Amino acid sequence: MRKPIVALIYDFDGTLSPGNMQEFGFIQAIGKTPSEFWHLSDGIAVKYDASNVLAYMKLMFDEAHRNGIHLRREDFKKFGRNIELFDGVKEWFSLVNEYGRKRGVKVEHYINSSGLKEIIEGSGIAAEFKHVFAGTFIYGEDGEAVWPGTAVDYTAKTQFLFKISKGIFSAQDNKQVNSSVSDDKKRIPFCNMIYFGDGDTDVPCMKIVGMFGGHSIAVYNPSNDKKKATALKLKRQGRVAFAAPAVYTPDSRAFRLVCAIIDKIKADETLKELK
């Protein structure tokens with residue numbers, strides 16, 4: 001029997017990290033507090049009726065130039081080195097991979113984020129992911145960011161689920177992702193997906209994964225009552241199947257859930273083959 005692939009797909013900010021990735025170095029470098037930065041960003045979005053994602057990217061661009069800060073790929077990666085992670089995240093990937101191996105499935109990890117790909121690539125866990133789908137800049141000949149290349153809002157995130165399913169790792173592709181492919185030909189069917197998110201911006205992805213037979217988990221910062229209430233609300237409304245603290249240790253609820261889902265995926269695959 002062929003070895004099924006199980007895709008664990010994560011939002012980043014609030015899901016693997018307790019804060020927004022811009023808050024671990026960049027915002028401090030431009031002399032702002034996180035609340036000041038996001039207030040200015042929201043103001044741009046409201047003033048121009050613009051995307052919140054494009055608004056924060058413009059603010060990063062403008063403030064960096066105003067403060068003499070370079071915005072090259074390597075500069076973004078430097079900011080990524082300081083990102084804080086939830087308890088157990090660094091060991092999580094090998095933990096799940098090993099469990100999958102013992103159960104006869106191949107586990108792959110993906111990021112689906114409205115943050116910046118280059119910052120994520122600078123984090124200590126970047127090598128764990130099969131692919132990172134996130135915002136990017138276009139860079140000039142001198143290596144400096146000159147324009148947004150990819151802006152990922154909560155609805156744009158949904159396209160990447162279909163790309164993961166079909167094995168497409170290009171942000172700009174809009175042909176293969178829309179081509180008709182039968183379920184048995186898809187590299188990773190939706191029923192083999194586990195989606196991790198922390199809030200309302202993940203709802204479209206969570207809903208789609210659940211509608212097509214996959215599993216969605218709303219995680220929350222265990223020290224933040226408001227985040228916990230949001231996750232429990234999503235479960236109560238049926239938008240996710242499970243809620244769990246954003247703790248990724250071997251004894252965590254998140255690990256128990258993933259192990260149970262992997263067991264189910266393997267059993268379903270075995271029954272399918274036996275038919």
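Seven strands make up an open sheet with mixed pairing, and their order is β4-β3-β2-β1-β5-β6-β7. Strands here are DSSP runs of E with at least two residues, helices are runs of H or I with at least four, and both are numbered from the N terminus; two strands pair if DSSP finds at least two bridges between them. At the edges sit β4 (145–150) and β7 (242–245), each pairing on one side only. This is a predicted model, where local features need pLDDT of at least 70 and side-chain atom pairs count only at pLDDT 80 or more, while totals for chains, interfaces and linings use all residues. Residues are numbered from 1 along each chain as its sequence is written, and side-chain values use heavy atoms, leaving out hydrogens and water.

Now pick out β5 (residues 193–197) and β6 (residues 215–220): they pair in the parallel sense over four bridges. Within this pair, Y195 stands opposite S216 in β6.

Next come two helices. Helix α5 (residues 89–103) lies across β1 (5–10), β2 (106–116) and β5, and runs at about 145° to β2. Helix α9 (residues 225–236) lies across β6 and β7, at about 160° to β6. Such angles run from 0 to 180 degrees between N-to-C directions, with axes fitted to C-alpha atoms, for helices over the stretch in contact, and contact means heavy atoms within 4.5 Å.

Finally, return to β4, the strand that holds V146. V146 counts as partly exposed because its relative accessibility is 40%, and partly exposed covers the range between buried (under 20% relative accessible area) and exposed (over 50%), using a 1.4 Å probe and protein chains only.
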